[in-house]
Amino acid sequence: MIDILFYILSTITLGSAALTLLSKNPIHSALWLVVSFFSLAGHYILLNSQFLGMVHIMVYSGAIMILMLFTIMLMNLNISNEVQKPFVTKLVATVAFCLMGLIILSVVMRGTEIYELQYTTHGKDFQSVQVLGQVLLNDYVLPFEMVAVLLLLAMIGAVLISKKDKTEKTA
Amino acid sequence: MDTNVILLLLLVPLLGALLNICFGKKLGNGSGIIATLAVLVSFIVTVIAFFQVNTTKQPIQSDLFEWMAFANFKVSFGFLLDQLSLLWLLFVTGIGTLIHWYSTSYMKGDENYGKFFGYLNLFVFFMIVLVTGSNLLITFIGWEGVGLCSYLLIGFWHKNQSYNDAAKKAFIVNRIGDLGFLVGVFILAFLFQSVDYMTIKESLMHGTNHQINTWIGVAALALFIGAVGKSAQIPLYTWLPDAMAGPTPVSALIHAATMVTAGIFLITRLNFVFDLAPQIQNIIAIVGAVTSLFAASIGLVQNDIKKVLAYSTVSQLGLMFMAVGFGAYEIAVFHVITHAFFKACLFLGSGSVIHAMGGEQDMRKMGGLNKFMKATYATFLVATLAISGFPPFSGFFSKDEILMTAFHNNPALYIIGSLASIMTAFYMFRLLFLTFFRNFRGTQEQKNHLHESPASMTIPLWILGILSVVGGVISLPGNSWLNNYLQPIILNNAANNHHAFGTIEYVLMAVAVIGALIGFGMAYSKYIKKGDIPQEDEQITGFHKVLYNKYYVDEIYMKIIVKPIYALGTFFRDVVEVALSETIFGLGKIVDGLSLQGKKAQNGNIGLYLFAFVFGVCIILYYLFIAS
Amino acid sequence: MNITILLLTLLIGALATYFSGKKSAAKVALSFAVIAFIETFVLICQHNSGFNADYSVEWIANPNIHIALKADGLALALVLLNTLLTPLIILSAWGKHIEKTNIFYALVMFMCFAMTGTFLASDGFLYYVFWELALIPIYFIALLWGNDTFEARKKTVFKFFIYTFAGSLFMLVGFIYLYQKAGSFMLYDLYNLNLSSKEQYWIFLSFFIAYAIKIPIFPFHTWQASTYEKAPTIGTMLLSGIMLKMGLYSIIRWQLPIASDAARELMPTILVLCIIGVIYGSIVALKQVNIKRFFAYSSLAHVGLIAAGAYTLTTDGLRGAVLQMIAHGLVIVGLFFTAEILYKRYNTRLISEMGGIRQQAPKFASAFMILVFASIGLPGTFSFIGEFNLLYGLSQVNLWYALFGGTTIILGAFYMLRMYQKTMLGETNSKPFADIDKTEGIVLGVIVICVIFLGIYPKPLTELITPSLVEIVSYIK
Amino acid sequence: MENVIEIIGIEKYIYLSIILFCIGVFGILFRRNAIIMFMCIEIMLNSANMLLVAFSTYHQDAQGQVFVFFTMAVAAAEVAVGLAILVTIYRNIGSIDIDKLKNLKG
Amino acid sequence: MNTLIAIGVLAVLVLIAEIINLRKMVIPMTVIGLLGILGYTVCNISVVEAYYNNMFVSTRFSNAFSSLFIALTIFIVALSNDFYKNEFTKIADYVSLKLFLLMGAICMVSFGNMAMFFLGLEILSITLYILCGADRKNIKSNESAMKYFLLGSFASGIVLFGIALIYGATGSFDIAQISNIAVSTSLPVWYALGATMIIIGMLFKVAAVPFHFWAPDVYQGAPTLTTTIMSTLVKVTAIATLYKISVNLLHQMPESYMNALIFITIITLTVGNIMAIRQDNMKRLLAYSGISHAGFMMMALTALGSASPNLFYYATAYSFAGMAAFTVLMAVCKNNEDELISSFDGLGKRNPLMAIVLSIALLSMGGIPVFAGFFGKFFLFSQAIQNGYITLVIFGVINSFISIYYYLKVIIRMFANYEETNREKLAVPALYSIIGTIAAAIIIVVGLFPSLLLNLFN
């Protein structure tokens, strides 16, 4: 049951990810990506990380993708007028994709043969919101603060780059 | 005392040289006087020293200071006045004084009058160094020093580039010999841990090591090459005829009387070394004999008065080498001395002629000068008789001794020597007849100008003429003063085991005289009786032409040595240099080209960068995880 | 006297010259150079009286690097050459209009400083630092004050710099390797290392590249002629007179004692190279049309012989090398100065456009002639002493080397006299040629006097250097 | 749901995320529309997130999930800045085709 | 740790100053503040301590590098005054961004946990994306920002994937723990794969070949001050982090890792230098030279664990030389469209001080003795030889003289006596002159007394 679910979700994830980059219309791509993110959230929930799954949906599908859609619409890119890459480039891209996938996969597969998987539950709670909160705000408080710094500077930066200043308007 | 004598001997000419070179312009005519006096002082010192040594039988020796030090030996700046060096000094300074005196008139009016005497004095200085050096390296200073002066004096009229060529040639050819000299020094120094004559002699006298004999042979050969260069023997003789470009007194002093005999001096000095290398002695004798014949044959047809004398000098030097080669050092020395007298006389005489002719040297333009220049003619005649070997002139004795020695040692060489002597007589009388007899063939202007030279020129001529006549007394057959005198120097003295003076010797003498007469007769019949005048250059044909062009030796040397070197120079400059430079800096060009290609590859396309990135990752992963 | 004073004098001299302004720069530089010469003289006197002027203080603790100076006879002799030539070189441009005079002379003084340092340093690292430092001023001197168009000389000077720099980097690698072995850069620590023959082989080669380019030894000489041609004459004098001696000195001081087995093993090859250089340089010189290039090739021939002498590994060869270094330094500086005088008067360096000067300028002609004859090793000049030592050293190894090396005395005479004939002799030139003036006279006079005096009485120098050489040879054995 | 890793196996998750990652890479190589490329980068980051969560469960350790939070923040910041840059480019050249950005080369 | 906090506080103060309209105070305040922080850090250089549950670990290595970063930031902030003259209203943004960048850099060398490493990396990168694109009306600036952003986030993705894999293998983000686990037990291949991916990500940051393509383009397009930051501060940070990561992750790796690293080092050296030869843009030239310097610094990876003083020395020498060079570049090219090398023609006449500063900087980079760059190379070569990597050293040597070639080309142009370049004197803001001189002085002083820096490590 669970493994069927896993396979279905995986298919959706991979399929929608592939469609994201194969769609000619950027809006379609964005929507396919949302689908992909939702399926990933499904994976998270499958892995019993409900909280993370929800956060994921909120941040990615809710914030990031909306931002992207806004941008796409702002630039009026809904009609695909993108010039396609030449065929050779596409071929090479495909080759690169296959090559990289094959190499990494084969590395991992060969590795797992040697490494015997052991899995024993210790039964402790490790993924409830409470535990996550504790870990995040006790052990990981410094990175947490750094994330704050990161977001602050991203904000400053985004404003710095995209804000039109008054002199420009008058000019 | 000894040191002072040596210093006086050396420094007076040096001082004269420096004075004349530095202040020649200011001294004016005084420079000639200063120079002559300087040499005269040396001569007087030499005479005093000569008598001292002759009485005490002890050489005067002085080491001034340590000059060079090597790992296994030291070279001191030392001088040695022994019988041999004094003998040389006597005629060097003696004839030197005369020639200086002669030059005061000869060179009068030259713009570099002072410098001329400066160089002459410098030459005398170096010649003194050469003969008095107590070791090979001091001798080498003199050896090269006289070469330097020879260079300076041959090219004295430096505005004429062909004279400069001659000077250069003289120096360079001499240097070939000098390399031989140096190699000889290296071997001797290596063998004996010394370059000092006395020390080498000592160590040779006490215990000869047979193993070193081959090396001694090599050393002797090398030193002989040095002598060949300096004394103008085959194959390095070509510079001497060209050296006649210098002022005539120079030819007399340097290229006839003194410097060119340095080779004989060296070999005599090192007789103890050469005695150990019989094969080399053989070579020396052969080279000497061949040179004498070869040069004499060229002399037969030359028309330049000085060239004839030059080839004659080469030829006479050949005879001396022949003597040296037979181990008859004292005979060679004897001939050196007599040769110095008569050849100096001949050169100065020819100088007088040239002076009178206003610089003309071609005998075809002369003739009948005996009427105008009595003193010159007389002395010239005497010297000619001497060189041709007519008794009782000095040349007869010395030449005869050489031929006699040759006859005893190697009859083939005797015949060659005799032939050379006959030729000598012929060309000398040819010279005499063409110059002084019959009618004057020059221009009217020259004829009006003809005059006897001033006393300062004729007196030296007379003195030398007299010496040419009586010079033979120092080594009369049977009772040779010279042999006894040189006994301490020459280990293997011919006086000790001299062959008996018998019938055969008288026959040989007679043969020699007849030979001289034949030469005289042929010259007489051709140039007096028939009244031949040598042909113009372009009319000369056949073997005569070969002779006239000196067997084309100069041309051959030019073709096989000088030209290839130049060609090589051009080749190196234009091909090898460029190629080397290109190969080494070509690497730079390759890098530069790579850079250009790289610049093209970096085309600004993000896609490309990403591809590179991804492929880079793939390659790294492949290498790390799959390949290994 | 402390040895560092000498170095400081030169360094301060460089700075003082820079700050002295354009008008007095030459004077300041000259006075400091003369002071340095006097100091060197004092040092040598002290050395002769047994005073040990070695100096050592730690510079960097890890890696173990010292500011170590060794003032033995060998080093002092070369320092003497350096400090004697520097004032002469400065004098040689006396009164000549030079742009940015202060910078120019400051660079000259700085170069003198660096070269002195190279000769004195006994810590390999310090030595390397000085070695490289000497390269920078000459680069700028040649580049900014050189002849020909800027583009042309840029290319040449560039090649020179890169080439020599490239060579010396390999030496640096060698030094680093040695340091790893010895844990120190100090001269004696390196001498006492026990290196395997393979290590020695590589060390030797890494040093050899640096030195062969600097000296230069055939076939590494391709930078030489064009750089000499393009550099201003002062630069050429510094290069040929002193700088290439750095390479030769280093062979003796560093390369041979450290990698002696390799030196012995490779000796035939290197001697052959050196001797090819002698003959090759002479023959190429014959066909040169530019007088500075001509001297450059003559220099190639001479230093080839010097290098050959050094590589004989005999005391005599080494002594000859050192003596000839000094002799060659003096003579080549004199010769380049004559080239400069010729250029000043005629505004050309083409030999073919000269000639017929001797009568017009007898003093100049005489001085030039003495230099020419000194250059070809006439006995009585200092070069002969060196050359004889060298050839004798070579003959001890193998007579053939001496014979082929000795061709220099024939070929040298050949090209030198040919050049002299073409430049000085012949029909009096229609162009006027002023005889030398006072400063020119001083420069040439000092050189001529030194060359002749040392040719007759070389003992002070020989005694100065021999103990050091004997010591070095003892390390080689 | 307790032992989802046990049932499915951690390696499957790894394969999944690797493939997802490679799809992201492929997209970046494949497209020249900058905004799609942004999306592909998001896919890559998400594949890593996926992996982190899977390993977090596998190790029964909360740190992995905490790390995912940070990643999300980073992704958000990146996207914000990236879109800002994209907007300025669009303002300047009226296109977001990265192949038109070829002024800098050589 | 206090350093990091203080910088954060300073950054916030800068933002506050903007709000209360004290823009003129921003730069002096920042410089003074940073000087204080620098003093504090240097004084506490020997403090070895872990903070916040091992998130932030201060060691000699991290303290020394932090000090270097702070010093570089001081220079950069000081340069901002004249550089942003036309955009003075945004000065607080710019300065605070630089301070954030500094925080990121310090996190990267002091991290004790992968989270800190990753966040530091991202703070650094994102700030740079912003700074690259800051000159937004300039299409080149946009382009460079875009290129950097795309490639940078791609690299971030790889790093993150690597971190995830390592986490999978070890179950920890703590670098010390990971290191221990890696030594003590045999790990699945994920670990090696993860480590490789992280290192690849860092190789991208240091612009090692073949991940170097972005560097010249981005350097050229970015505002010059940003380029300065990238080629000094960021490059040094990246290399220090690479070193630290390698030390912690790469021990007991098979020989092939070292081979790969050495190979990458060699091609980085070579490609960087060869490409630099034909450049006619000064910024590109410095970018390529920066690539080759990265190669030199990567030599430190041949002696993991013992090379930190050498690496630090080289990093200092290189970054101050870069600082000096870029200061001159800014002074010379401030009004030019392009930073062509030809704009340096005749600088020796137009402004001798700047010409000398640039010459010193370039000669130092080229490795001419007494300048710090030489000793840097020397130490690295020396250590590589010690570890037996002679091939590497030989390539280093060959590259040294290739690099001299193009450095000299610039120097020649400055001192050339071109007639046509007899342009008027170049007026340079006083701060530029001061900063250039100080940087040059540091190069020389550090060169003459290398122990000053080397002793920081013992």
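Q: Among contacts in chain A between residues at least 6 apart in sequence, what percentage joins residues at least 24 apart?
A: In chain A, 49% of those contacts do. Two residues are in contact if their C-beta atoms, placed from the backbone, lie within 7 Å. This is a predicted model, in which local features need pLDDT of at least 70 and side-chain atom pairs count only at pLDDT 80 or more, while totals for chains, interfaces and linings use all residues. Residues are numbered from 1 along each chain as its sequence is written, and chains are lettered from A and ligands numbered from 1 in the order in which they are written.

Q: How many helices and strands does chain A have?
A: Chain A has seven helices and zero strands, and its pattern along the sequence is α-α-α-α-α-α-α. Helices (H or I, at least four residues) and strands (E, at least two) are DSSP runs, numbered from the N terminus.

Q: And how much of chain A is buried?
A: Of the 171 residues in chain A, 36% are buried. A residue is buried if 20 or more other C-beta atoms lie within 10 Å of its own, exposed if 12 or fewer, and partly exposed in between, with C-beta atoms placed from the backbone.

Q: Where does UniProt place "transmembrane region" in chain A?
A: The unreviewed UniProt entry places this feature at residues 6–23, 30–47, 53–75, 87–109 and 140–161 of chain A. UniProt positions follow the numbering used here, feature names are shortened, and annotations may be inferred rather than shown by experiment.

Q: What do residues 87–109 of chain A look like in the model?
A: That span is 100% helix and 0% strand, and its end C-alpha atoms lie 32 Å apart. Residues 30–47 of chain A are 94% helix and 0% strand, with end C-alpha atoms 26 Å apart.

Q: Changing topic, which chains share the most contacts?
A: Chains A and D do, of the eight pairs of chains in contact. Their contact takes 65 residues from chain D and 66 residues from chain A. On the side of chain D that touches chain A, two or more residues each come from helix 1 (4–8), helix 2 (10–30), helix 3 (34–59) and helix 4 (63–93) of chain D. Helix 4 gives the most to that side, with 22 residues.

Q: How do the residues on that side of chain D divide?
A: The side of chain D that touches chain A has 49 nonpolar, nine polar and seven charged residues. Ala, Val, Leu, Ile, Met, Phe, Trp, Tyr, Cys and Pro count as nonpolar, Asp, Glu, Lys and Arg as charged, and the others, Gly among them, as polar.

Q: How many residues of chain D are in contact with chain E?
A: There are 37 residues of chain D in contact with 33 residues of chain E. Helix 4 of chain D gives the most to the side of chain D that touches chain E, with 15 residues. That side has 23 nonpolar, 11 polar and three charged residues.

Q: How far apart are the nearest C-alpha atoms of chain A and chain C?
A: They are 38 Å apart, and the two chains do not touch. No contact joins chain C and chain D either; their closest C-alpha atoms lie 24 Å apart.

Q: Last topic: how do strand 1 and strand 2 of chain B run?
A: Strand 1 (residues 60–69) and strand 2 of chain B run antiparallel, joined by seven bridges. Two strands pair if DSSP finds at least two bridges between them. A hairpin links these strands of chain B through four residues, and Glu66(B) has Ser76(B) in strand 2 as its bridge partner.

Q: Why is strand 2 of chain B largely enclosed?
A: Six of the eight residues of strand 2 (residues 74–81) of chain B are buried, so the rest of the structure largely encloses this strand.
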